[in-house]
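Subject: Structure handover

Hi,

Here is the structure for your files. Please look it over before reading my notes below.

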Amino acid sequence: MDRRIFLHGIAAAAAASSAVVRAASPLNVAVMLPMSGPAGLFGPSAKACAELAVQTINARGGVLGRSINALFGDAGLPPAEASQTALKLWKGQGAQVVIGMHDSAVRGALVGLFKGQVPYFYTPVYEGGECARGTYVNGETPAQQLAPVIPWLASERKPKRWYMIGNDYIWGRNTNAAAKGYIARTGAQVVGDEYLPFTADNFDSSLARIRDSGADAVLVSLVGGASVTFNKAFASFGLADKAIRLGSLLEENTLAGIGLANARNLYSSAGYFANIETPAAKAFSDAYFKRFGAQAPALNGLAESVYEGFLMLEAIAARAKSLDVAKMEPASEGASYSGPRGAVTMHARHVDQDIYLADVGEKGFRVVKTFPHIASGQTCKV
Amino acid sequence: MDTSWLLYALNLAYALATLGLTTLGLAVVFGLLGVMNMAHGEFVMLGAYAVVIVQSWGWPIATAMPLAMLVCGVLGYAVERWLIRPLYARPFDTLLATWGLAMVMRKTVEAVYGRGYRNIESTLSAPIDLGGVQYPGYRLALIALAVVLMVCLALWYRRSTMGLRVRAMTGNPVLAQALGIDTRRLASQTFVIGVVLAGAAGVLLAPLVRIEPGIGVDYLLDSFFVLVVGGLGTLGGFGGGVGVIGGTQSVVSSIAGQTSGYAVVLILSILFLWLKPNGLFGRR
């Protein structure tokens, strides 16, 4: 071996060991993501966002001086199995923090498992109402996504008759229930609402009802594949020019399935889109594609929310100077950071954040209006 | 003027046509060979991806049809030869083997094309005006095509020599063999025809439906319900099953909502399995 290379090796080893000394014990963070099941589509992009967050935070010194070590668990399983996975990461592998992007059924199981003993950051868009101790929610709530958007649409597009459709579960129903009040306040009326099982793959009868109702706006609270099929058929029946559509879980993958040609007069309301034009969002997306290559899984709001979860962990831990839930609870109130979505501040363990309303242009979503710092509408006691 | 009835009639016709198209392949394989092909839906999915692929290559969409038929035909031949043939007369084993095959096909497509939704960019699904009702032109063409295809198939099955041989084979395989019919080759051909029909259905439906690697299960279930209600191995059973399942779902959904429509289909299927296991026009 060349003497110089040998000396380099020694120097590198010394540097590495000093880093180890500095961060005496790495901070194990369990990251629960859907790697299988219906939401498995979001697994790869969400995992990439988590890895990018770990790299970014570790590069600036980690959390409380400890470098983060992410432990991934599959949350795309039934709640009982997902909570077994989380239990293994928590008790077996020593995770001290949990970050989760998964459905509400799994969240319910995890909240019951953790009982506030471990800080749990829940990041995706959801129906609202989670007030469990030690649970910190970054996701958009229906109030947040609809309260500013429906009045704005009322003044811009002047719809008078809203039809609401959704998948038959808590998110679809809560979202539409929240919308009813906002619609009534604009002076418009709700001319129909219906809720479909996840198995529905033919929306002809619903579309006939929408047509007969004379609706000029439709709130689409369908999820994933159902949203794809519904919106395609909606356009093919010539309804796209007769009624505007608004969705609060219409992200980039769903739009890819719908097709741009079928998305005329389609609006999506969310805290993040892959092509927001702010410097922070641009920097995030540049870093993402630099790290994972141009062929990386497409960015979307659900995946990006995992990155936000890490930033919130960093912000709360810095204020609490501890990872103890008893200390993090008071510190969470008012904790804030500036991330890809813009300025984010936690209140009532939910966040005030910017909400973007996008329509669809030739290159996909196109933000037409930004509503700054919208409150979550949640009232959890801290 | 109220034109709703026309829309509902067209929707009913479309529901029956698509159900007929996607069930046809399974009706051939399950009905005639007695092979419960759990990978049936995956062949439909392959057909839909054939359209995605030719579009990404920049080829005309029409070329997806020969591509899908070729791919499904070759794959179907290999599957029949090395997976199904050793397992004839062992229905449960065939079921497991084809379920495994379905998973391999699904995961392979996932690995190559990703799990994301795909869309076919075409003007085919644009609406045309039909006496006050906006209806997608492509759907009208599909309904017509389905009718033509069913008639041709019925004629072929009733009139052609191969149809006669197939009927002989399914009626009494041992006797058919004794009469000099090469049942092994015939079974292989029948299987290939079945999966090619499934692939062709996928191509035809691609511009209208959601496309992702997991769509196969939907088509498998609906087709299975049709055959449960209609019965195996007869044209009457096939037509009856499509009519009962598609008609019930479409009509009940229009009147009482999708959940009720789906529930009625499930209840009907259970009642048939329980009280009339050979279906409306079962062979056995």
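This is a predicted model: local features need pLDDT of at least 70, side-chain atom pairs count only at pLDDT 80 or more; totals for chains, interfaces and linings use all residues.

Residues are numbered from 1 along each chain as its sequence is written, with chains lettered from A and ligands numbered from 1 in the order in which they are written.

Helices (H or I, at least four residues) and strands (E, at least two) are DSSP runs, numbered from the N terminus.

Helix 9 of chain A covers residues 224–236. Of its 13 residues, 13 are buried (20 or more other C-beta atoms within 10 Å of the residue's own, C-beta atoms being placed from the backbone). Just after helix 9, G238(A) takes a positive phi of about 75°.

Strand 13 of chain A (residues 350–361) runs antiparallel to strand 10 (residues 266–270), with 3 bridges. Pairing needs at least two DSSP bridges. S268(A) faces A358(A) there. Strand 12 (residues 342–347) also joins strand 13 by 3 antiparallel bridges. Their hairpin has 2 residues between the strands, and A348(A) has a positive phi near 55°. Strand 14 (residues 364–374) pairs with strand 13 over 8 bridges, antiparallel. V360(A) has F365(A) as its bridge partner.

The contact takes 29 residues from chain A and 27 from chain B (C-beta atoms, placed from the backbone, within 7 Å). Helix 1 of chain B gives the largest share of the chain B side, 6 residues.

Best wishes

Conventions. The expected span of a helix is 1.5 Å times one less than its number of residues. A residue is buried if 20 or more other C-beta atoms lie within 10 Å of its own, exposed if 12 or fewer, and partly exposed in between; C-beta atoms are placed from the backbone. Two residues are in contact if their C-beta atoms, placed from the backbone, lie within 7 Å.
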